[in-house]
Each structure stands twice: as structure tokens, then as C-alpha cells.
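Welcome, and please get your viewer ready. We will go from stop to stop, with something to select at each one.

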Amino acid sequence: MSGSRQPRLKVAVLGCGSVGSQVVRLLTEQADDLAARVGAPVDLVGVAVRRLDAAREVQVPEGLLTTDALGLATREDVDLVIEVIGGIEPARSLILGALESGASVVTANKALLAEDGSTLFEAAEKAGRDLYYEAAVAGAIPIVRPLRESLAGDKVTRVLGIVNGTTNFILDKMDTSGAGFSEALEEAQDLGYAEADPTADVEGFDAAAKAAILASLAFHTRVTASDVYREGISEVTAADVESAREMNSVVKLLAICELKGDAVSARVHPAMIPLSHPLASVRGAYNAVFVESEAAGQLMFYGPGAGGSPTASAVLGDLVTVARNRLDDVRGPGESAYAARTVLPMGETVTRYHVAIDVEDRAGVLAAVATAFAEHDVSIQTVRQEGRGAEAQLVVVSHRATDAQLSDTVEHLRKMDIVRDVTSVMRVEGGGE
Ligand SMILES: NC(=O)c1ccc[n+]([C@@H]2O[C@H](COP(=O)([O-])OP(=O)(O)OC[C@H]3O[C@@H](n4cnc5c(N)ncnc54)[C@H](OP(=O)(O)O)[C@@H]3O)[C@@H](O)[C@H]2O)c1
């Protein structure tokens, strides 16, 4: 902190893209309010970018742009560093450098936190500085702080989240218009909801990073992105969405984190959820996180999960907190990973399943299929049969069973003479037993 009679805080912003430009805008437009809320003026002293001459969505004050991100992050007089570059490197080295040089850090970097959060938290601990990251999960929605602070006295048992706006937009489009996946993806790209290369969103990598962060926070343990089971939505068909509708359900890409005894599970995959579940009403590119805890019961956090301005709102909220902490010479909560829980393999995860099977249309088929389920101890809740000439389709919804039991059942079904194909297997969440 600069040492005049009235303290002033110096802030450096690393990155000036979608989020960084809005952070810079809010820092300059709301300087007076921020000063009043923090208790001291917060002076923007530098903005690091890759290209000095790129077009920006904000007018960066004269002389503040630099390509020397490390020099800026490690400047001795900088009190607060905001990292909104993204990715693993150089973001990790920049955050570590900033902490070692004595700055407090705010980041929106889910990929880095999910891959190597422990290195960052340990560095923050060692330096005695804050590391805040509300914007890393579900954009503007306050969820990191509720898990880290508000629910710190409760026992969270389950977190179910729609944490990727791109995939929610695509699935919602498929539901409302009957479109197939490719058509809905194209529309999402045209409207700017999906990137030209949509892999990170569509294949669930982005949601898996967020699931790792949520599971770590909720269950006071370390879960990394590689611990999270991941399936994207590119295999979801218009027929799956139609089947869901027939069951009064919708298909959503869910991040699911559960406490099972002393262990945890974390997974991301498409699932059918009943229309009566609060997450079913999350439409378009919106996000929501549904938390179940022992004492509080059920809580839902809802709002815009991405976009420069909403994400910058979360970044600035963190900035105000770490700035106040800095003035008071205190720290907020650090990492809470004391529980050191085992992460269960996907095969041990328990849920319900919707299985569509094309079979020969003849007597005894239903009984044979039911026997295959029974052999693997998967009990059937409902079966629907539709004739199609010489073939029929059976749609089976099971009671709760492990993923391993279900995989064995599907493998068994695929080997049966009367089974032409198992056309769809989808997990069913948020319903009964
Ligand atoms: N966009 C969202 O809706 C959103 C939502 C939640 C969280 N986040 C997270 O926020 C972070 C930033 O995302 P974004 O969408 O704002 O990214 P972005 O638009 O791609 O911006 C990245 C910025 O970092 C700068 N940069 C890249 N490499 C650099 C380097 N080596 N040194 C200095 N600057 C460098 C770029 O400079 P140039 O401009 O010169 O290329 C650019 O200004 C990511 O961690 C992301 O996961 C984003």
C-alpha cells in the first residue's frame, strides 16, 4: 500500500479482453463509489495485454497498457492484481509472481484453479495474501462465497449445477424448436453464444473445471478437473429430447457433486430432469446452481453465467473485499481442504437411467430385456413399448443403480439376438428413487 496519510490502493489488471475490458470500465467509471466502499481510492496503475494495438471495448487511460505482464504483476507498489488472461500459462506464473511480491489476487481463471488450484492456494497462504475467484464459477452468480463463507457452518451434501451457458442454450433450443444438435449449435454460434471452436463448452471441459471447483469448496477437499467424469452434449439427439418431453422432463448438461459417506463424486454429463425440478426452468444461456445441505435444505443460485459485464461484476465484488482486507491488514478465508476425501470412480456413482432399445417385435422380447436388467440387479421403474413393423422400441426407466451395473446391462443387451441396437442411454436426475 502506498504510504501517504490517506491510503491509496494500486491495482493492476492482467488481460483486457471480454472480461478485462469490463473490469477496466467499472474501475474507472465507478472509481468514486469503489473508493467509498473500500475506504480508500483504488488507482488503476496498469493493464497488461498481448497486443498493444488491438481494438478494445474500453478506452484504457493513456499510458497504462503494457505487454510486460510479469513486470506489472510483480511491481513492488502494486497492492491488488486482477488476472483475467485465462489458461494455464502464463496466468499461473503471473499469479504466483504477484503473490510472492506481496499483492492480493482476484482471478476468473477456472481452468487454472481446477487444474492446479493447490499451488495457488499454498502460495497465497505462504505470502499471507488473499486469493479470490468468485468469477471462476457461473459468472455473475454468487456461489463461491456462499459455499466458502455462508454455508461454512453447514454440511453440504449435493451440488447440481447448470454451469455452462452455451450448452444450456443449445439444449433449450433443441427442446423448444425440435432442432437437432448441429442446427442448434449453428444458431448458438450465429448469436455469439458459442465459440467458432465450441469443444470446451460442448464436450463439457468448461463445466468439468467448474465442477472441480464446486466439489472442492462444497466438501472441503481437493478435486481437480481430471477427477471429474465428463461427457458432453454432442451425442444428444432430437429423439432424446423428445423422449425427455414424453416423461415430463428436459435434458440439461449437469455438473453433479455429491458427498457419499466420507468420499465424494463429481461428474458432468447430460441428464433428464423432471419439469418440477427448479433447474428445469433455467432457459437459454442462463446458469443456476442448486445446493442441498443438511441444515439449510435446498438453495438455488441463478443468473447470467458468462459475458464480460456480468463476470466483471463478480470480479469487482472480490476486488472490494480484498481491498478492504488489505486496508485492515487481514485475510479472508484461504483454502479449506482439511477433509481430504477420496473421489469415487464413475462406476460407483448411483443414479437412474433412461435406456432406449430397438428390438425385434415378437413375443417374449420384453421378458428377455427385463431379465437382462434383473441379472445386473438393475430394477425397472417403467417400460414403454412402441411397435414399428418388424421392430419395436422399448424405453426403460430404471430405479437407482450404479453406473457400473448399468454399463454391464447395456453391454449385455447389445449382445442379445433380439436387440438391434441400444440407441440411447441417459441418466435421470432430480427425481424419485
Ligand atoms: N468471457 C466470459 O464470459 C468469462 C466468464 C467467466 C470467466 N471467464 C474467465 O475470464 C478469463 C478471461 O476471459 P476472457 O473471455 O476475457 O478472455 P479474452 O477475451 O480472450 O481476453 C484475454 C486477454 O488476455 C490478454 N492476454 C493473453 N495472453 C497474454 C499474455 N501472455 N500477456 C498479457 N496479456 C495476455 C489478451 O490480450 P490481447 O487483447 O492483446 O489479445 C486479452 O486482452 C478466463 O480465465 C475465462 O475463463 C470468462
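Before we start, one convention for names: helices (H or I, at least four residues) and strands (E, at least two) are DSSP runs, numbered from the N terminus. This is a predicted model, in which local features need pLDDT of at least 70 and side-chain atom pairs count only at pLDDT 80 or more, while totals for chains, interfaces and linings use all residues. Residues are numbered from 1 along each chain as its sequence is written, and side-chain values use heavy atoms, with hydrogens and water left out.

**Stop 1: the domains**

Colour the protein chain by domain: domain 1 (9-139 + 309-328), domain 2 (144-304) and domain 3 (346-428). These bounds come from an automatic or database domain assignment. The centres of domain 1 and domain 3, taken over C-alpha atoms, are separated by 51 Å.

**Stop 2: a parallel sheet**

Next, show the strands β3-β2-β1-β4-β5-β6, given here in their order across an open sheet with parallel pairing. Its edge strands, β3 (65-66) and β6 (131-132), each pair on one side only. Two strands count as paired if DSSP finds at least two bridges between them. Strands of a sheet pair through backbone hydrogen bonds, either parallel or antiparallel.

Zoom in on β4 (residues 80-83) and β5 (residues 104-107), which run parallel and are joined by four bridges. Select Val81, and you will find Val105 of β5 opposite.

Now follow the chain out of β4 to Pro90, in the loop between β4 and α4 (91-100). A cis peptide bond, with omega about 10 degrees, joins Glu89 and Pro90. Most residues other than glycine have a negative phi, and most peptide bonds are trans. For a case of positive phi, select Ala340, where the angle is near 40 degrees. Ala340 sits in the loop between α12 (308-328) and β13.

**Stop 3: the ligand**

Which residues are closest to the ligand? Among the 21 residues that surround the ligand, they are Cys16, Val19, Arg51, Arg56 and Gly307. Here a residue is near a molecule if one of its heavy atoms lies within 4 Å of it.

Show the polar contacts too, meaning pairs of N or O atoms within 3.5 Å (within protein, one must be able to donate a hydrogen and the other to accept it, and residues adjacent in sequence count only if both atoms are side-chain atoms). From Cys16, a backbone N or O atom lies 2.8 Å from an oxygen atom of the ligand. For Gly17, a polar backbone atom is 3.0 Å from a ligand oxygen. Arg50 uses its side chain, with an N or O atom 2.9 Å from an oxygen atom of the ligand.

**Stop 4: two hairpins**

Select β11 (residues 286-293) and β12 (residues 297-304), an antiparallel pair joined by eight bridges. Three residues link them in a hairpin, and Phe290 has Met300 of β12 as its bridge partner.

Then move to β14 and β15 (residues 391-398), which pair in the antiparallel sense over eight bridges. Their hairpin has two residues between the strands, and Gly389 in the turn has a positive phi of about 70 degrees. Find Gly387 as well: its bridge partner in β15 is Ala392.

**Stop 5: a pocket and a cavity**

On a 1 Å grid over the protein atoms alone, a cavity is a set of points where a 1.4 Å probe fits but cannot get out; a pocket is an open set with protein on both sides within 12 Å along at least five of seven lines, and lining residues have an atom within 4 Å of a point. Grid points are joined across faces, edges and corners, and a volume is the space filled by probe spheres set on the points.

For the second largest pocket, select Asp240, Thr423, Ser424, Val425 and Met426, which lie nearest its centre among 30 lining residues. This pocket holds about 490 Å³ of space. Where does the second largest pocket lie? Domain 2 and domain 3 both give residues to its lining, so it lies between them.

Finally, select Tyr132, Tyr133, Glu134, Val144, Arg145, Arg148 and Asp318, the lining of the second largest cavity. About 30 Å³ of space lies inside this cavity. Helix α6 (residues 144-150) gives the most to its lining, with three residues. Domain 1 and domain 2 both contribute to that lining, so the second largest cavity lies between them.
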